[in-house]
Amino acid sequence: QVQLVESGGGLVQPGGSLRLSCAASGFTDGYYHIGWFRQAPGKDREGVSCISTSDGSTYYTDSVKGRFTISRDTAKNTIYLQMNSLKPEDTAVYYCATGPRYAFMGLGTSDSINWGQGTQVTVSS
């Protein structure tokens with residue numbers, strides 16, 4: 001069972017940057033995607049970005065393309081989400097997760113997702 005521990009959330013002004021980290025342990029054999037969902041108050045949970053453990057391919061939801069970058073450090077078993085040019089609309093709890101790519105893309109749900117504990121990102125002046 002994969003365990004996910006997140007860090008890096010906080011308060012930042014519009015236009016600022018944050019970097020989220022997610023340390024993973026307890027890997028099992030097989031390919032999956034790892035990344036972040038986010039949920040703002042009063043809104044549905046949204047897949048933000050993910051990266052494939054097999055080939056490193058990435059996905060970003062349209063609203064963050066060009067601003068967010070997901071990466072992985074295999075040696076540290078850690079992924080990162082570099083968030084630049086942050087907007088108030090990015091304010092949410094960000095949850096690191098593993099699961100199928102289609103779930104991150106918002107094309108369906110899965111009960112096989114592993115969840116991190118979540119970290120608050122607040123973008124406000």
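This is a predicted model: local features need pLDDT of at least 70, side-chain atom pairs count only at pLDDT 80 or more; totals for chains, interfaces and linings use all residues.
Local features require pLDDT of at least 70 and side-chain atom pairs pLDDT 80 or more, while totals for chains, interfaces and linings use all residues. Residues are numbered from 1 along each chain as its sequence is written, and side-chain values use heavy atoms, without hydrogens and water.

**Figure 1. Secondary structure and overall dimensions of the protein.** Read from the N terminus, the order is β-β-β-β-β-β-β-β-β-α-β-β. The protein is as compact as a globular protein of its length, because its radius of gyration of 14 Å is close to the 14 Å from the globule rule for 125 residues (taken over C-alpha atoms; the rule is 2.2 Å times the number of residues to the power 0.38). The C-alpha trace spans about 45 × 30 × 25 Å along its principal axes.

**Figure 2. Burial of residues in the protein.** Buried residues make up 44% of the 125 (buried, under 20% relative accessible area; exposed, over 50%; partly exposed, in between; 1.4 Å probe, protein chains only).

**Figure 3. Close-up of Trp115 and its contacts.** Trp115 lies in strand 10, residues 114–115. Leaving aside residues up to four places away in sequence, Trp115 touches Leu4, Phe37, Arg45, Tyr95, Cys96 and Ala97 (contact, heavy atoms within 4.5 Å). Leu4 is 111 residues from Trp115 along the chain, yet their C-alpha atoms are separated by 6.8 Å.

Methods
Helices (H or I, at least four residues) and strands (E, at least two) are DSSP runs, numbered from the N terminus.
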